[in-house]
Amino acid sequence: MATDEVDAIVEQWRRERAGMRPEPMAVFGRIYRLARLVGDRQEKVYAGWGIGRGEFDVLAALRRSGAPYTLAPKALTATLMLTSGGMTGRLDRLERAGLVRRAPDPADRRALRVSLTDVGRRVVEESAEAGLEVQRRILDALPAADQDKLADLLRTLLAAAETAEPVADGAQ
């Protein structure tokens, strides 16, 4: 089996700290590197539509919400785990680009609703397909059964990470 940079890092830790158990680095080091590499490739793809990953995420959340592709900014903020200031910046850029529009909520004039424009819907649908193609090309290195198994294993790890207690900060 081929080795990679992560294997080298794990071996360096084993050599330098004999009592350390660096095996988790073999998994999470690869997850971090894979996420960065794929994310950077998708960022380049999305740039062809004049958007970045952050803007794509907003457009995708609106599109996934179903017709009429409208959500309150608060719902978008919660879905994307952003601050309200971060969301406002993204919405400002998307609105200037003509991809979303903000309008008063008919049920509560103090609130706003964010909607995809027709152009925004086209951009998100096309860029989503292109971004998925980036992911497909990489996943094609694995047989379909292994892809399913990997998705199951990662689901289990994600659930464990979401419920695990943080380790106490050892810095003094």
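Leaving aside its neighbours within four places in sequence, which residues is L76 in contact with?

**View 1. Contacts of L76 in the predicted model.** Beyond its neighbours within four places in sequence, L76 touches V58, A61, L62, L71, M87, L91 and V114. L76 is also listed, with I51, V58, L59 and L62, among the residues that have the most contacts inside the largest nonpolar core.

**View 2. The largest nonpolar core, with 21 residues.** Two or more residues of this core come from each of the elements α3, α4 (73-80), α5 (84-96), β3 (108-116) and α6 (118-139). The greatest contribution is that of α3, which supplies six residues.

**View 3. Helix α3, residues 53-64.** The buried residues of this helix are G54, E55, F56, V58, L59, A60, A61 and L62. The end C-alpha atoms of α3 lie 16 Å apart, which agrees with the 16 Å that its 12 residues should span at 1.5 Å a residue. After α3 comes G66, which has a positive phi, near 85°.

**View 4. The aromatic pair of Y46 and F56.** A search of the whole structure finds one aromatic pair. Its members, Y46 and F56, are stacked, at 4.3 Å centre to centre and with 10° between the planes. Because Y46 lies in helix α2 (residues 23-47) and F56 in helix α3, the pair ties together parts that are 10 residues apart in sequence. Y46 counts as buried because its relative accessibility, 4%, is under 20%. F56 is likewise buried, with a relative accessible area of 11%.

How values were computed: Residues are numbered from 1 along each chain as its sequence is written. This is a predicted model: local features need pLDDT of at least 70, side-chain atom pairs count only at pLDDT 80 or more; totals for chains, interfaces and linings use all residues. Side-chain values use heavy atoms; hydrogens and water are left out. Rings of Phe, Tyr and Trp (its six-membered ring) pair if their centres lie within 6.5 Å; planes under 30 degrees apart count as stacked, over 60 as edge-to-face and the rest as tilted. Helices (H or I, at least four residues) and strands (E, at least two) are DSSP runs, numbered from the N terminus. Buried means under 20% relative accessible area, exposed over 50%, partly exposed in between (1.4 Å probe, protein chains only). A nonpolar core is a set of buried Ala, Val, Leu, Ile, Met, Phe, Trp, Tyr and Cys residues joined through side-chain atoms within 4.5 Å. Contact means heavy atoms within 4.5 Å. The expected span of a helix is 1.5 Å times one less than its number of residues.
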